[in-house]
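Have a look at the model below, then read on for a quick tour of its parts.

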Amino acid sequence: MTADAEVVIQLVAAQLGVSSVRESDRIVEDLGAESMDIVNIIAAVEERYAICFDEAELPDISTVGDLIALAVRLTA
């Protein structure tokens, strides 16, 4: 199953307790995520799609769109 942008956005919103999330939002700067929030977001996406992110790619995730793109690539 290919990752869906709306599902990833919903996971991010749920983990951070925010009502509005856009692909262009920066996870830390715009949404206020802290390190544990990021760990929980990554875990939620991995669990939802039964994937495993490579730790080397995690520093490249700064926006919600980056997270979606990586999830889509791993599920395609």
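## Glu-46 and its surroundings

Leaving aside neighbours within four places in sequence, Glu-46 is in contact with Ile-51, Cys-52 and Phe-53, where contact means heavy atoms within 4.5 Å. Glu-46 sits in helix H2; helices here are DSSP runs (H or I, at least four residues), numbered from the N terminus. From Glu-46 to Ala-14 there are 32 residues in sequence and 15 Å in space, C-alpha to C-alpha.

A word on where this comes from: this is a predicted model, with local features needing pLDDT of at least 70 and side-chain atom pairs counting only at pLDDT 80 or more, while totals for chains, interfaces and linings use all residues. Residues are numbered from 1 along each chain as its sequence is written, and side-chain values use heavy atoms, with hydrogens and water left out.

## Ala-50 in the loop

Ala-50 is in the loop between H2 and H3. Its phi is positive, about 55°, although Ala-50 is not a glycine. Buried or exposed? Ala-50 counts as exposed because its relative accessibility is 73% (exposed is over 50%, buried under 20%, partly exposed in between, with a 1.4 Å probe and protein chains only).

## Helix H3 and what covers it

H3 runs over residues 64–75, and at 1.5 Å a residue its 12 residues should span 16 Å; the end C-alpha atoms are 17 Å apart, which agrees. The expected span is 1.5 Å times one less than the number of residues.

Which residues of H3 are buried? They are Val-64, Gly-65, Leu-67, Ile-68, Leu-70, Ala-71 and Thr-75. Their cover includes helix H1 (5–16) and helix H2 (35–49).

## How H2 and H3 pack

Two packed helices are described by the angle between their axes and the distance between the axes. For H2 and H3, the angle is about 30° and the axes are 11 Å apart, so the two helices are roughly parallel to each other (angles under 35 degrees count as such). On the H2 side, Ile-41, Ile-42, Val-45 and Tyr-49 make the contact; on the H3 side, Leu-67, Ala-71 and Thr-75 do.

## The core

The largest nonpolar core has 25 residues, and Val-12, Val-45, Phe-53, Val-64 and Leu-67 have the most contacts inside it. Such a core is a set of buried Ala, Val, Leu, Ile, Met, Phe, Trp, Tyr and Cys residues joined through side-chain atoms within 4.5 Å. H1, H2 and H3 each supply at least two residues of this core, and the largest share, 7 residues, comes from H1.

Take Val-12: apart from neighbours within four places in sequence, Val-12 is in contact with Val-21, Leu-31, Ile-41, Val-64 and Leu-67.

Key: Axes are lines fitted to C-alpha atoms, for helices over the stretch in contact, and angles run from 0 to 180 degrees between N-to-C directions. Angles under 35 degrees count as roughly parallel, over 145 as roughly antiparallel, 65 to 115 as roughly perpendicular and the rest as oblique.
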